[in-house]
Amino acid sequence: MTGERLADLAVVGAGFAGMSAAIFAGARGLSTIQVGNAGALLFSSGPLDLMGVHPVEEGRVWTDPFAAAAAVARDIPGHPYSRVDAAAIRAAFAEIVAALGEAGLDYGPLGDTNRELVTGAGTIKTTYCVPRSMLAGVAALADRVPCLLVGFQGLREYSAAGIAEALRERWPGLRAIQVDFRAGVAAGEAHAAHLARALELAENRAALCERIRPQLADAQAVGLPAVLGLRRSDAIAGDLSNQLGVPVFEIPTIPTSVPGLRLKDAFERAAARRGVRRIVQRRVLAIVPEADAFALYLEDAPPGTAPLRARAVVIATGRFMGRGLVADRRRIREALLDLPVVQPSSRSRWHEADFFDPRGHEANRAGVTVDETFRPCDEAGQRVHPRLFAIGTLLAHHDWARTKCGAGVAIVSARAAVLAALHELGGGAR
Ligand SMILES: Cc1cc2nc3c(=O)[nH]c(=O)nc-3n(C[C@H](O)[C@H](O)[C@H](O)COP(=O)(O)OP(=O)(O)OC[C@H]3O[C@@H](n4cnc5c(N)ncnc54)[C@H](O)[C@@H]3O)c2cc1C
């Protein structure tokens, strides 16, 4: 728990960006220490967005995410994608998807195009990389095949009938049923995590199929909420497909969801396999640059505890939700080092009058600005420190929620920062 060893790299934050950085660093032999908890990972519905919408005010949806990233890089100076090329994006996704796969969370093949899938809110989401357990839903939606959506009595966050109703015009072949499947729980509310654990057992899957089979009729695919196991959901979907004789797929549910738990679990196992030392449920209170290292002071450290020390630091602390950025009445600040934050000139410009303004809100593009190597810069454009890096949603010039680039910016910036740190520390590109 204390800073007895000098690590090569400290990663602050354990969301998409921090976990990715830890995995990239550990895989390249950097002794890596990570501090923080899971962040918005737990809120994720599973799919990994790369770049979906640009320009945001036009709401233009792109089929080719690489062309979209290139357009953004051209149109928005300082956007994180203006610091990388398509090869770097592909390499970053390939490595993280492989790491998650090894850790038990399989994604579909990475291609050149975005995909569309149905969400538990009854919307259609454009994304890049889809968990394998959701893949058959992409094909079913694309072909608009007759499809049976199955809901569970008592599972309050998911309504199969609601989804079918919301999509009635766009996908007329959708039909919804509700099954009474308690898997050992007497009555009342059903919980997604409980159902997921129950469906890891073959006898429960057989019992579920018995309830669905008589209602299949002409269905050529079956959609279930994302409760097909806490791990190996693609294998469970495959088993249900075999039993029902049609492809079975998961539909992402609202947060916090089972896919979020799976992502957290897979990221943590992938980091552990790569030798990353993790300090969870603690926050870094301060980072102090020293001659050849940084000292990181943790909250709740017993008096006299030495700080953690690392030769380089990656800050992946997120925006307002993660508390990487904090706002007072006058300005938005970066919480750890008071790094310069790109932000609207006055508080009155943080948000537009209309919450649903198609342009989004300037405050949602606030953040730390970085150079080509993801080192934070001051107002004059000079890097703040050669061994300090910033990644993920903490970065300025992007509105990940509206433009659908959340996981992509996190993963891609993490790889670029780790390669630059490796170079700086004398490791060359590995
Ligand atoms: C509801 C919801 C659904 C989403 N769904 C998707 C999706 O389907 N696909 C997709 O691509 N993206 C999705 N996203 C976006 C995606 O989650 C974000 O883009 C991503 O989480 C950004 O990761 P991050 O690591 O930069 O920040 P965060 O996830 O915010 O993580 C920052 C972490 O840093 C920690 N931290 C902050 N300060 C400190 C400190 N001082 N010491 C230690 N730790 C600290 C925080 O506790 C937090 O854990 C979703 C986001 C939300 C909120």
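I began with the packing of helix H1 on helix H3 (residues 86-102): the two meet at an angle of about 90°, with their axes 11 Å apart. The axes are lines fitted to C-alpha atoms over the stretch in contact, and angles run from 0 to 180 degrees between N-to-C directions. H1 and H3 are therefore roughly perpendicular to each other, a term that covers 65 to 115 degrees. Helices are DSSP runs (H or I, at least four residues), numbered from the N terminus.

I noted that this is a predicted model, in which local features need pLDDT of at least 70, side-chain atom pairs count only at pLDDT 80 or more, and totals for chains, interfaces and linings use all residues. Residues are numbered from 1 along each chain, and side-chain values use heavy atoms, without hydrogens and water.

I then listed the contact (heavy atoms within 4.5 Å): Ser-20, Ile-23, Phe-24 and Ala-27 of H1 face Ala-92, Glu-95, Ile-96 and Ala-99 of H3. By class, six of these residues are nonpolar, one is polar and one is charged.

Next I looked up the ligand.

Backbone N or O atoms lie at 2.6 Å for Asn-37, 3.3 Å for Phe-16 and 3.4 Å for Ala-316.

Methods: A polar contact is a pair of N or O atoms within 3.5 Å; within protein, one must be able to donate a hydrogen and the other to accept it, and residues adjacent in sequence count only if both atoms are side-chain atoms. Angles under 35 degrees count as roughly parallel, over 145 as roughly antiparallel, 65 to 115 as roughly perpendicular and the rest as oblique. Ala, Val, Leu, Ile, Met, Phe, Trp, Tyr, Cys and Pro count as nonpolar, Asp, Glu, Lys and Arg as charged, and the others, Gly among them, as polar.
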